[in-house]
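These are my notebook entries on a structure I looked through element by element. I began with strand pairing and then turned to a helix and the ligand.

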Amino acid sequence: MKNYRVGIIGGGASGIMAAVMAASFGAIVTVLEKKEKIGKKILVTGNGKCNLSNLSFSAREYYSDNPEKLPDYFSKFSVEDTVHFFEGNGMLLFNRGGYLYPRSGQAITVLHTLEQLLASYKVRIVTECEIFSVEQNKRKDKEKFHVQSSQGDFFFDRLILSCGSPAGEKEFSMAGYQYAMHFGHTLLKPLPALVQLKGQGNFFKTWAGVRCEAKISLWKTNRQGTKLIQEEIGEIQLTDYGISGIPVFQLSRHVSRALEENAKVKVIIDFLPEFSEKEWTAFVQACQLHAEGKGFASCLEGILPGKLVSVFLKYVQVKPDDKIARQDKRLVKLLELIRAFPLAISATNPFQNAQVCAGGIPLSQVTQNLESNYTKGLYLTGEMLDVDGRCGGYNLQWAWTSGAIAGASAAGGKLFAEKERIPIRNSLMEGNVRDTRRRPGRTESTNPAAVKKKKKH
Ligand SMILES: Cc1cc2nc3c(=O)[nH]c(=O)nc-3n(C[C@H](O)[C@H](O)[C@H](O)COP(=O)(O)OP(=O)(O)OC[C@H]3O[C@@H](n4cnc5c(N)ncnc54)[C@H](O)[C@@H]3O)c2cc1C
């Protein structure tokens, strides 16, 4: 096998995985990273604990311009492969409800493990490397790609673009996308995803700090009408600008897209999602029966946190000590609000606050080995591509998967979809696989055994 010279621009999760994989297939690998260190984003993932994958895996946890292509990528480098990769290299994992973390509980362990692998494969890491130009040298006797940078000129047979996205970055940069566009690719506008939502209203300071279980339903209104886009249940955080928390993050990529299309967006918050219709009807009847003569605040205090009670009372314009009358319409309105509090959404927080980006270079513009359809020898990985996953380790799984495939292929190797599956150790598989998704029209098994079966065909 030829020892290809493989250059990788971007030393993040997918670039590092590409480097390790390319080197393991015999390539001579150089990583060009603009920051002073590689893998900086890995350190902040999962609140410093690095949720690096998820046992409740399905390719349907992702959004993309070309989602049909995803199962094949994930068969070539699956969650099982990720587990064996890390554990096989001495880094034990821990399963919390399906979410996989390093057993140490520290993201730095992930980076150290990867750095040790890079060192053992003698991968050259060039940091503080500002790229001036990326060209393809078409002359036959010359190497293919020429990268000019603040650290000198580099020549490579194969080039992998792993520049990530502007999500979570202090400085907004489109440079990575521009290199790809230079080689003929187009760009689907990158938008913030897995991000907080800003609301319209003057009550946010009052409810700021509340954390509670809720169901949030996202509604979009445009010329075609009003449509329910997605529902999520889980712990939400009420903030001084709007709402945050994992269920909010899960909806946010749709909010970004809808606002970009000039649609109107609102969420309906159900603060008692655990109640069945029957239980709620019974509760409302009992409440109406016993509420007469009580103050509004004291009536609600048994149901909601105090800060929310204040917001609700202001919303229906009653004072806390106002007494509830017989068949009081204001009480009916208040009880309705508990199950369906409307919040108009004005914006998402900016890219700096986002965990990932929706959009990027279309997946339809790369092959099943993540090689560019337009430039032979050029590969793309990770968030640069239009693939964004739900919260829960799916985005890092895409980084590992795409990095591994591109790295192997750039080195002249191949990862196979059909291969012997080595089972994950039982003690890691054990754990309660929790699933809080509520998506209209999206029913699927989250049982890893069922997912395995699906993968076979
Ligand atoms: C706060 C936060 C928490 C997150 N938590 C999780 C989590 O728990 N689980 C999960 O699955 N995902 C999480 N993510 C998402 C996950 O980190 C990303 O999806 C993943 O890191 C993407 O990998 P990547 O290689 O595509 O890009 P990145 O990891 O962003 O790496 C890109 C690299 O390229 C470098 N670069 C960019 N442009 C250039 C250039 N022009 N020249 C040279 N170098 C360049 C960058 O400096 C960076 O090092 C989180 C993200 C954030 C921001």
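Predicted model: local features only at pLDDT ≥ 70, side-chain atom pairs only at ≥ 80, totals over all residues.

**Entry 1: the open sheet.** I looked up where Ser53 sits, and found it opposite Leu100 in β6. The strands concerned, β3 and β6, run antiparallel and are joined by two bridges. I then traced the sheet they belong to, an open one of three strands in the order β3-β6-β5 with antiparallel pairing. Its edge strands are β3 (53-54) and β5 (93-96), each of which pairs on one side only.

**Entry 2: a parallel pair.** I next checked strand β1 (residues 5-9), which pairs with β2 in the parallel sense over five bridges. Within this pair, Val6 stands opposite Val29 in β2. Is β2 enclosed or open to the outside? I found four of the five residues of β2 (residues 28-32) buried, so the strand is largely enclosed by the rest of the structure.

**Entry 3: helix α5.** I compared the length of α5 (residues 107-120) with expectation. At 1.5 Å a residue, its 14 residues should span 20 Å, and the end C-alpha atoms are 20 Å apart, which agrees.

Which residues of α5 are buried? I listed Ala107, Val110, Leu111, Leu114, Leu117 and Leu118. Viewed down the axis of α5, these buried residues fall within an arc of 125 degrees, so they line one face of the helix. I set this beside the general rule that an α-helix has 3.6 residues a turn, so residues three or four places apart point the same way. On the other side of α5, I found Ala119 and Ser120 exposed.

I then asked what the buried residues of α5 pack against. Their partners are α1, α2, β6 (99-102) and β7 (124-126). Just after α5, I noted that Lys122 takes a positive phi of about 60 degrees.

**Entry 4: the ligand shell.** I looked up the 36 residues around the ligand and found that Gly10, Gly12, Gly164, Gly168 and Gly382 come nearest. By type, the shell divides into 13 nonpolar, 17 polar and six charged residues.

Which helices each supply at least two residues of this shell? I recorded α1 (13-24), α2 (40-44), α6 (175-182) and α13 (394-410). The largest share, four residues, comes from α13. I noted that α1 and α2 are also among the elements against which the buried residues of α5 pack.

Methods. Residues numbered from 1 in each chain as written. Near = placed C-beta within 6 Å. Nonpolar A, V, L, I, M, F, W, Y, C, P; charged D, E, K, R; others polar. Expected span 1.5 Å × (residues − 1). Buried ≥ 20, exposed ≤ 12 C-beta atoms within 10 Å, placed from the backbone. Arc of directions from axis to C-beta. Contact = placed C-beta atoms within 7 Å. Pairing = 2+ DSSP bridges.
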